[in-house]
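Here is a quick tour for someone meeting this structure for the first time. Have a look at it, then read on.

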Amino acid sequence: MQLTKLNDDRVLRTAGQFLFALLVIFIVASMYGNTITALTNRGMLPSFKFLSLAAGIDIGEHIIPFDNSSSNFRAIIVGLLNTITISFIVILFSTFLGLFIGLCRISKNWLVKNIALAYIEVIRNVPLLVLLLFWYRAVFMEMPHIKKALILGSFQSSTGGKGGTLFLSNRGLSIAWLKPAEGWTLFLYIVAVAVLLAVVFGLYLRAYGKKTGRKPMVFLWSLSLVVFISALGWIILPDSPMVMDYPTLNGFNPVGGLSISSEWGSLFSGLILYTSAYIAEAIRAGIQGVDKGQVEAAHSLGLSNFQTIRLVVLPQALRITIPPLTSIYLGVAKNTSLGVAIGFPDLFSVIGTLLNQTGRALELILVVMTIYLGLSLITSLIMNIYNSKIQLEEK
Amino acid sequence: MKQRIMLVLLTLLAAASIISCGGKEQAAAPVAETQVVERSNSTATLDTVMDRGYLIVGVNASNPGFSYLDPDGNYLGFEADMGRSIAAAVLGDPEKVQFRPLTSKERFAALQSGEIDLLIRTATHTMTRDTDLSLDFSAPYYYDGQTFMVRKDSGIKTIADLEGAAICVLTGSTSEGNLSDIMASRNLTYKPVLFENLDELMGAFEKGRADAWTGDRSGLMTRMRNTADPSAYTLLDETISKEPLAIGVRHGDDQWGDIVNWSLYGLFFAEEHGITSANIDSIKSSTEKPEEQAFLGMRSELGSKLGLSNDWAYNMVKKTGNYGELFDKHFGPESGLSIPRGFNKPWTGGGLLYSPPFR
C-alpha cells in the first residue's frame with residue numbers, strides 16, 4: 001500500500017515541489033538569520049529611524065523644494081523624481097526616434113537603410129557609460145564658457161544683468177519659459193469648469209450617437225470645447241495667467257526661465273541614442289514579422305504605401321514589438337543610474353551621498369533595490385496591460 | 001523515471017536536513033550571548049594578524065601625497081607608510097602589509113565586515129561615525145580643514161562671494177554636508193555639482209563648469225598641482241570645517257585600538273624627542289632619559305602590555321621613521337607638494353601632535 005503511494009507520480013511531484021519550497025524557505029531564513037545575528041554582534045542592527053532625520057545636504061537639481069534641513073526621506077524622493085522624470089522623457093523621445101530609425105532600417109532606399117544600419121550597429125556596440133562620457137566631455141563640456149555663452153535675443157535686464165531668450169554654455173541651456181502669474185489660479189478654475197462641461201457634453205454626444213445610430217467624434221468635440229473655453233478665459237482674464245520668464249545672467253549662473261544642466265543634457269542625449277538603437281531593432285523585428293502576404297493584399301486592395309503601413313502593418317507589428325519593448329523600457333530606468341558618473345543627481349547618486357552621510361549602508365541599499373524593483377514592476381505592469389489590450393481577440 | 005524522481009527527492013531531503021540543522025544552530029544562538037561573542041571578537045584582530053603574518057590596511061588608490069598606486073603597483077604616500085609603520089610595530093617588518101584600495105563609500109563597510117584590520121583613508125573622525133557605525137578612531141594623524149579652490153581671475157576672495165555659484169564636490173565625503181551647512185548658515189544659494197570620479201570632476205572644473213571646488217585643503221593643494229595650469233588657481237583663506245583625519249578600527253576591540261593608538265603616539269613621541277630612523281641606534285645606546293629608554297624597550301616592558309614585542313617602537317621608528325620624517329617625505333618640499341605643516345607638528349613647536357607619556 002505504502003509502496004504504491006510512493007510510486008504514484010502525482011504524490012511524488014507534489015512532495016517534490018513541497019520539499020523544494022521548503023528548501024527555498026530554509027535558505028532564505030538562514031541567510032536572514034545569519035545577517036541579523038552578524039549585525040547584532042557588531043552592534044549595528046538595521047534601523048530606518050535615520051530616514052526622518054535632517055539630511056544636511058543640498059541636491060543640485062530638484063523638482064520639489066529641498067534644502068539643508070530637509071529629511072533623508074525627502075532626499076530619496078527628490079532623487080527618485082529626478083530618475084522618473086528623465087526616464088519618462090527618455091522613453092518618450094527614444095520611442096519616436098527608434099520608430100523612425102527602425103522604419104529607415106527597412107527602407108528600400110539603399111542609403112537610408114545603410115545609414116540606419118550603421119547607426120544601430122555603432123550605438124549598440126558602444127557601452128552606455130562611454131556614450132555618456134562622450135556626450136559630457138566631448139560635447140557639453142566643449143561648449144562655450146559661461147562668460148562667452150551663446151545668447152539669443154540678448155537685452156539689458158532691469159537688474160543690471162544680461163537677459164536673453166536663450167543661454168547656451170558648458171553649464172547648460174537656459175531658455176525663456178512660461179511662468180504662472182497672478183491670474184494662474186483663476187485660470188485653473190476656468191480650465192476645470194471647461195473640463196467638466198466637456199465631460200457632460202461628451203456624455204450627451206454619446207447618448208445622441210446611440211439614439212440616432214450616427215457616430216459623432218466625441219473625443220474631438222469635447223477636446224475642442226476645452227481648448228475653446230480655456231482660450232477664451234486666457235483672453236478675457238484681466239491678469240495674464242502666465243508670463244514669459246527670461247533667464248538673466250547677473251552673477252555666476254543664469255537665473256530664471258527653464259534651465260537644463262549639462263549633466264541632464266548629457267544623460268538625456270546618451271540614453272536616447274542608446275535606447276533608440278535597441279527600439280529600432282525591436283520595431284524592425286515587429287514589422288518584418290508581419291507576413292509579406294498582408295502587404296501584398298493591402299496593395300491589391302488599393303491602399304497607398306502609407307495606409308498599408310498605418311492600417312495593416314503597424315497594428316500587427318505592435319503585437320510582436322511590445323514584449324521586447326517592455327524590457328527595453330525597463331532598462332531605461334535602471335540605466336539612468338549611470339548618470340552618477342557625470343554628476344547627475346539621480347536616485348542612485350543621492351543614495352550614495354546619504355550612504356556616506358549616515359553610514360546606513362544595508363538599509364539604503366535595501367531601499368534603493370526596492371525602489372528600482374518597484375519602478376520596473378510598475379513599468380512592466382503597464383506594458384502588460386497594454387499588451388493584453390492590443391492582442392488579437394480570438395473569436 | 002521514477003527512480004530519477006526518487007533520487008532528486010532524496011538529494012533534496014538531504015540538502016534540506018543539512019540546511020535546517022544549520023538554521024537551527026543559527027537560531028539556537030540567543031541574542032543574550034552577544035556579549036560573549038563580542039569579547040571573543042575583541043582579542044581577535046591581533047591574533048588574526050599574527051596568525052596571518054601580515055596586516056591588511058584599507059587605503060585610497062588615487063590620492064597623491066596621502067596614498068596612491070605607482071605604475072609598478074606599489075602603494076606610496078603618507079597613509080600607506082603609516083600602515084607600514086604599524087606593520088613594523090606589530091610584526092617587526094614594514095613590508096608585512098597588504099593594501100586594499102577602497103572608495104569612500106566602501107571604506108567603513110569594509111572595516112565593519114572585518115575585510116581589513118584598520119582603515120587609513122582620510123577618514124574624518126565624527127561623532128556619528130564613532131557611535132552609529134560601531135567604529136573607533138585613533139588620535140588624529142592629520143589635522144585638515146575644508147576650503148575652496150577658485151580661479152584667480154574669478155574675483156572670489158571670501159565665502160560670501162560664492163553667492164549663486166556652481167560648486168563641485170567629490171561625493172562620499174564629509175565635504176557635501178559641510179558645504180551645505182556653511183551655505184545654509186550664511187543664507188547663500190549655490191548649485192552643487194557632485195562627482196563620483198575625480199577625473200570627471202577635474203575635467204569639468206577646468207573647463208569652467210563650476211566656479212569653485214570644495215574639499216579638504218591638503219587634498220585640494222595636491223590636486224591643484226595636477227591641473228593643466230596650477231598658477232591659474234588659488235585656495236580661499238577661510239577654512240569651513242575641522243577635519244581630524246584618524247585611523248579607524250572596529251569598536252569593541254580595545255587591545256587592537258590601543259596598539260594602533262600607541263603606534264601613532266610612538267611616531268609623535270619620536271619626532272618630539274628628535275629620534276629618527278638615522279640616529280635611533282646611537283640614541284638607544286646613549287640615552288639616559290628613562291622615558292626614552294622605556295620607549296625603546298630597554299626598561300618597563302611597555303610592548304608586552306600591548307601584546308607586542310618590547311622593541312616594537314624601536315622597530316617602527318628604525319624602519320619607517322618618525323612622524324616628521326614621514327610628513328617631509330610625502331608632503332615636504334622634496335615631495336614637490338610643499339604642504340605647510342600647520343597644526344601637524346609637535347606641541348613643542350606650536351602644533352597639535354601631543355603624545356601621552358610613555359611610562
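Which domains does the domain assignment give for chain B? There are three entries: domain 1 (2–32), domain 2 (45–143 + 244–276 + 318–359) and domain 3 (146–235), with bounds that come from an automatic or database domain assignment. Keep in mind that this is a predicted model, where local features need pLDDT of at least 70, side-chain atom pairs count only at pLDDT 80 or more, and totals for chains, interfaces and linings use all residues. As for bookkeeping, residues are numbered from 1 along each chain as its sequence is written, chains are lettered from A and ligands numbered from 1 in the order in which they are written, and side-chain values use heavy atoms, with hydrogens and water left out.

**Domains**

- In chain A, the assignment gives domain 1 (2–41), domain 2 (72–176 + 246–390) and domain 3 (184–245).
- Domain 1 of chain A and domain 2 of chain A have C-alpha centres 44 Å apart.
- Over in chain B, the C-alpha centres of domain 2 and domain 3 are separated by 27 Å.

**Where domain 2 of chain B meets domain 3 of chain B**

- Here 16 residues of domain 2 of chain B are in contact (heavy atoms within 4.5 Å) with 13 residues of domain 3 of chain B.
- Together these two domains bury about 1,000 Å², and carbon and sulfur atoms give 55% of that; buried area is the accessible area (1.4 Å probe) that two parts lose on being put together, summed over both.
- You'll find 0 salt bridges between domain 2 of chain B and domain 3 of chain B, a salt bridge being a side-chain nitrogen of Lys or Arg within 4 Å of a carboxyl oxygen of Asp or Glu.
- There are 2 residue pairs in polar contact between them, both residues at pLDDT 80 or more. A polar contact is a pair of N or O atoms within 3.5 Å; within protein, one must be able to donate a hydrogen and the other to accept it, and residues adjacent in sequence count only if both atoms are side-chain atoms.
- On the domain 2 side, β2 (62–63) and α5 (104–112) of chain B each supply at least two residues; helices (H or I, at least four residues) and strands (E, at least two) are DSSP runs, numbered from the N terminus.
- The largest share of that side, 3 residues, comes from α5(B).

**Where chain A meets chain B**

- 51 residues of chain A touch 58 residues of chain B.
- The two chains bury about 4,500 Å² between them, with 55% of it on carbon and sulfur atoms.
- Between chain A and chain B the count is 4 salt bridges.
- It is 15 for residue pairs in polar contact across the two chains, both residues at pLDDT 80 or more.
- On the chain A side, α2, α5 (128–140), α8 (262–288) and α11 (347–358) give two or more residues.
- The largest share of that side, 14 residues, comes from α2(A).

**Salt bridges to look for**

- Over all chains, the structure holds 19 salt bridges.
- Arg137(A) pairs with Glu200(B), the closest N and O atoms being 2.6 Å apart.
- Arg137(A) lies in helix α5 of chain A and Glu200(B) in helix α8 (residues 198–206) of chain B, so this pair joins two chains.
- Arg137(A) is partly exposed, at a relative accessible area of 43%, while Glu200(B) is buried at 5%; buried means under 20% relative accessible area, exposed over 50%, partly exposed in between (1.4 Å probe, protein chains only).
- Another salt bridge links Lys207(B) with Glu142(A), closest N and O atoms 2.7 Å apart.
- Within chain B, Asp81(B) and Arg84(B) form a salt bridge at 2.9 Å between the closest N and O atoms.
- Both lie in helix α4 (residues 78–91) of chain B, 3 residues apart, about one turn of the helix.

**Glu61(A), a charged residue that is buried**

- Glu61(A) sits in the loop between α2 (9–41) and α3 (72–105) of chain A.
- Buried as Glu61(A) is, it has no salt bridge, and Lys191(B), the nearest side chain of opposite charge, is 4.6 Å away. Lys and Arg count as positive and Asp and Glu as negative; His and the chain ends are not counted.
- The side chain of Glu61(A) does make a polar contact with the side chain of Ser261(A), at 2.5 Å.
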